[in-house]
Amino acid sequence: MTDRLLLYSYWRSSAAYRVHIGLNLKGLAYEISPVHLLRDGGEQHSESYRAVNPQQMVPALLHGHRLLRQSLAVLEYLDEMWPSPPLLPATARERQRVRGLAQLVACDIHPLNNLRVLQYLERDWGVPQAERDVWARHWIVEGFNAFEALLQDHLSTGAFCDGNTPTMADCCLIPQIYNARRFGIDLTPYPTIVRIEQACMELPAFEAARPENQPDAPQA
Ligand SMILES: N[C@@H](CCC(=O)N[C@@H](CS)C(=O)NCC(=O)O)C(=O)O
């Protein structure tokens with residue numbers, strides 16, 4: 001299929017960041033349709049964007065006339081449509097590990113710190129900024145403690161989360177590290193995570209996907 005790819009994205013969205021990395025690793029050309037998550041109460045809630053994603057979240061990927069949602073499912077789709085280079089390892093056991101690491105971030109860390117969750121804590125429960133930050137940091141630290149242990153304890157950990165080429169796990173980890181830094185988390189207790197981040201950031205696919213490098217990022 002040669003249809004164009006259009007990514008609905010917000011420069012600071014870590015879920016969209018995952019898909020930017022995946023598209024870049026595959027060497028796919030794509031366009032970006034920015035959805036500003038804060039402006040005018042959040043463009044993700046507009047009628048036009050609700051037609052794209054009824055969940056009112058980015059990312060969504062338009063491939064031809066096919067609309068794809070949920071970053072992990074989109075990464076799997078990219079891997080099936082364009083198998084090389086693979087985002088998942090060759091064996092069932094390794095694939096399970098990589099999916100598990102990806103889900104640790106995407107299912108068990110990130111959703112607890114998402115904009116709508118923090119906005120809900122603020123608007124409906126009156127939780128002050130400082131306590132919302134403590135909340136966010138708590139879940140990232142819990143998750144990173146486990147992620148670091150899973151990397152340190154496993155022979156399959158290589159230059160990247162699994163082996164010596166980037167996988168879906170790295171696509172999820174790098175954006176979560178960006179988030180961790182935003183919340184001021186000390187990464188010293190996570191030497192393997194930091195080492196893998198350095199390896200990833202040496203690759204143009206990861207560099208190009210950085211939030212600061214997105215067309216809708218505020219100009220410095
Ligand atoms: N499970 C979804 C999560 C998507 C998600 O959380 N997107 C955030 C940005 S990182 C969003 O659009 N939030 C809008 C909001 O909270 O109102 C995925 O992996 O695609």
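**Note on the loops, helices and ligand site of this model**

1. Gln 56 is partly exposed, because its relative accessible area is 25% (buried means under 20%, exposed over 50% and partly exposed in between, using a 1.4 Å probe and protein chains only). The model is predicted, so to speak of local features a pLDDT of at least 70 is needed and side-chain atom pairs count only at pLDDT 80 or more, whereas totals for chains, interfaces and linings use all residues. Residues are numbered from 1 along each chain as its sequence is written, and side-chain values use heavy atoms, with hydrogens and water left out.

2. Gln 56 sits in the loop between α2 and β3, where helices (H or I, at least four residues) and strands (E, at least two) are DSSP runs numbered from the N terminus. Although Gln 56 is not a glycine, its phi is positive, at about 60 degrees. Gln 70, in the loop between β4 and α3, is another residue other than glycine with a positive phi, near 75 degrees, and with a relative accessible area of 46% it is partly exposed. As background, most residues other than glycine have a negative phi, and most peptide bonds are trans.

3. Two cis peptide bonds deserve a reader's attention. One joins Val 58 and Pro 59, with omega at about 5 degrees, and Pro 59 belongs to the loop between α2 (47-52) and β3. The other runs from Ser 84 to Pro 85, with omega near -5 degrees, and Pro 85 lies in the loop between α3 and α4.

4. The ligand is surrounded by 16 residues, of which the closest are Gln 44, Val 58, Gln 70, Ser 71 and Asn 114; a residue is near the ligand if one of its heavy atoms lies within 4 Å of it. Val 58 places a backbone N or O atom 2.7 Å from a nitrogen atom of the ligand. Ser 71 has a polar side-chain atom 2.6 Å from an oxygen atom of the ligand, and for Asn 114 an N or O atom of the side chain is 2.6 Å from an oxygen atom of the ligand.

5. Helix α3 is largely enclosed by the rest of the structure, because eight of its 11 residues are buried. The buried residues include Ser 71, Leu 75, Tyr 77 and Asp 79, and what covers the buried residues of α3 includes α1, β3 (60-63), β4 (66-69), α4 (92-108) and α7.

6. Asp 79 is in helix α3 (residues 71-81) and, at 12% relative accessibility, counts as buried. Its side chain is joined to that of Lys 26 by a polar contact of 2.5 Å (a pair of N or O atoms within 3.5 Å; within protein, one must be able to donate a hydrogen and the other to accept it, and residues adjacent in sequence count only if both atoms are side-chain atoms). The side chain of Asp 79 also reaches the backbone nitrogen of Leu 87 at 2.8 Å. Leaving aside neighbours within four places in sequence, Asp 79 is in contact (heavy atoms within 4.5 Å) with Lys 26, Pro 85, Pro 86, Leu 87 and Leu 88.

7. Helix α1 is also largely enclosed by the rest of the structure, since 12 of its 12 residues are buried. From its first C-alpha to its last it reaches 16 Å, close to the 16 Å expected at 1.5 Å a residue, the expected span being 1.5 Å times one less than the number of residues. Ser 13 caps the N-terminal end of α1, with a side-chain oxygen 3.4 Å from the backbone nitrogen of Ala 15, and just after the helix Gly 27 takes a positive phi of about 70 degrees.

8. The structure holds five aromatic pairs (rings of Phe, Tyr and Trp, the last by its six-membered ring, pair if their centres lie within 6.5 Å; planes under 30 degrees apart count as stacked, over 60 as edge-to-face and the rest as tilted). The rings of Tyr 17 and Tyr 178 have centres 6.2 Å apart and planes at 80 degrees, so this pair is edge-to-face. The pair links distant parts of the chain, with Tyr 17 in helix α1 (residues 14-25) and Tyr 178 in helix α7 (residues 168-182), 161 residues apart. Both Tyr 17 and Tyr 178 are buried.
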